[in-house]
Amino acid sequence: MIPAAPLPLQPEPVPAPTPAPSVPAPRWQRRWREAVRDPRELLGLLGLDAAAAGISDAAAAQFPLRVPRGFITRMRPGDLADPLLRQVLPIDAEQRIVPGFSLDAVGDGAAKKADGVIQKYRGRALLVATGSCAVNCRYCFRRHFPYADETAARDGWAGAIASIAADPSIDEVILSGGDPLSLATPKLAELTAQLAAIPHIRRLRIHSRLPVVLPERVDAPLLQWLSALPWPVTLVIHANHANEFDAYVDAALAALRGAGVQLLNQAVLLRGVNDSVDALADLSERGFAAGVLPYYLHQLDRVQGVAHFEVPDGEARALHAALAARLSGYLVPKLVREVQGDTGKRPL
Ligand SMILES: *Cc1c(COP(=O)(O)O)cnc(C)c1O
Ligand code: SF4
C-alpha cells in the first residue's frame, strides 16, 4: 500500500557545493552525492572551531568522513559533544592502538558461503548487498572492510541466488552491507525477483540506516517495491540516539509501515553517544513514537580505532538493568554481543 499523501520534502538546510547534475536521478541520489565529506566544512556548519575539535586527518584518510546534510541539521550547533556529531567526526583517539581491538573482530572472513553471502546462524543468510553507505559511522567494523570486491550484487546476484537456492534450511534472507538501500530500487527488484523463485524463503529482512540518515530514500518506487514483495518484510533501522529522529524521518517510517513493513531498531552502545539510562530510554520511546520497536542494543565490535567508544560490560549490564526497571518490557532491547563461533548473538 502506498501512502495517500506524498512525503514532505526535506528543505535545503545548508548550501551544497556541487552543482545539480545534468542527468536526472532520483532525488535521494542527489542528496546522497551532496553529503559533506570535509571535517572542517562540517565543523564550520556547526559553528565549531576545527583546531579545538581534535579532528584527525589520518583517521579521515583511512575512513573518510561522510554525512548527509539532513543529518547535520539534527546536530546541536556549537556542541562538540553532540551525540550525532560524535558518531561521524574523525578524531585523534581513533589513531590509538589498543590491545584487543583488531581488524576482523566479527570473523566475517570465516563465515563466507559465496561471494557476498555470510551465514553464521541457522536459517538466516546474510547478503552483503553493497559496500556503500550514505554515512560513515566511526564505530563501524566497516572502516576496515569496505567489501568493495565481495558484494552479492556484483555478478547480478547469481552466486548468492545459487547458494541460497541450494540450501533449503535457509528461510530468511537478510539484506545487509554496507547499506543495502544504497542500491537503486531496480537493482533491489532484480534481486527479489530471483529470490521469489526459491520456495524455502519465508521472510525478508533489511538492515539499513538510510531511513534515518537519508529519509528521502523512502520514495514512491521504494514503497512500491516493498509492498509488492511476496514475503513479510522486516526493516531494522540503526538509530543510536533519539535526536536522529525528526519529522522527515517520522514521515519515512510511517510510509514504510504503510507499505506493511515491520520496523525494529538496533543500536550500538557508545560512550559519549547513548551511555546513559536517559539516552537509552529516550531512544526507545522516540523510536516507538515513530512506530519502531527496539530489538538489539549491541556491545561494540572490537575493531581498531573504536576503543574510545567502548562501554565496559559491567557498566553495560547496569545500564540495561536500569532501563528494564524503567520502561515497559517491549521498549527494552536485548543487550548482546557478537561472538565468533556462537549460534546467535550472545546475551550479556
Ligand atoms: C547478526 C547476524 C544475523 C542476524 O541475527 P539475528 O539474531 O537473527 O538478528 C544473521 N547473520 C549474520 C551473519 C549476523 O551477523
Ligand atoms: S554499515 Fe551501518 S554502521 Fe557501518 S558505516 Fe554503514 S551505516 Fe554506519
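How far is an oxygen atom of ligand 1 from an N or O atom in the side chain of E338? The distance is 3.4 Å, and the legends below place this pair in its surroundings. The model is predicted, so that local features need pLDDT of at least 70 and side-chain atom pairs count only at pLDDT 80 or more, whereas totals for chains, interfaces and linings use all residues. Residues are numbered from 1 along each chain as its sequence is written, chains are lettered from A and ligands numbered from 1 in the order in which they are written, and side-chain values use heavy atoms, with hydrogens and water left out.

**View 1. Polar contacts of ligand 1 (pairs of N or O atoms within 3.5 Å).** Oxygen atoms of ligand 1 lie 2.6 Å from a polar side-chain atom of Y295 and 2.6 Å from an N or O atom in the side chain of Y296. Of the 380 Å² of accessible area that ligand 1 has on its own, the protein covers 89% (Shrake-Rupley method, 1.4 Å probe).

**View 2. The shell around ligand 1.** The residues near this ligand, with a heavy atom within 4 Å of it, include I118, K120, Y121, R124, L126, I174 and R205, together with Y295, Y296, E338 and K345. By class, the shell has six nonpolar, no polar and five charged residues, where Ala, Val, Leu, Ile, Met, Phe, Trp, Tyr, Cys and Pro count as nonpolar, Asp, Glu, Lys and Arg as charged, and the others, Gly among them, as polar. Strand 2 gives the most to this shell, with three residues; strands are DSSP runs of E, at least two residues long, numbered from the N terminus.

**View 3. The surroundings of ligand 2.** Ligand 2 is surrounded by C133, V135, C137, Y139 and C140, and by the arginines R142 and R209. The shell divides into five nonpolar, no polar and two charged residues.

View 4. Ten strands form an open sheet in the order 1-2-3-4-5-6-7-8-9-10, with mixed pairing, two strands being paired if DSSP finds at least two bridges between them. Strand 1 (112–114) and strand 10 (346–347) are the edge strands, each pairing on one side only. Within the sheet, strand 5 (residues 203–208) and strand 6 (residues 233–237) run parallel and are joined by five bridges, and L204 has V233 of strand 6 as its bridge partner.

Key: Helix = DSSP H or I, 4+ residues; strand = E, 2+ residues; numbered from the N terminus. Polar contact = N/O pair within 3.5 Å; in protein donor to acceptor, adjacent residues only side chain to side chain.
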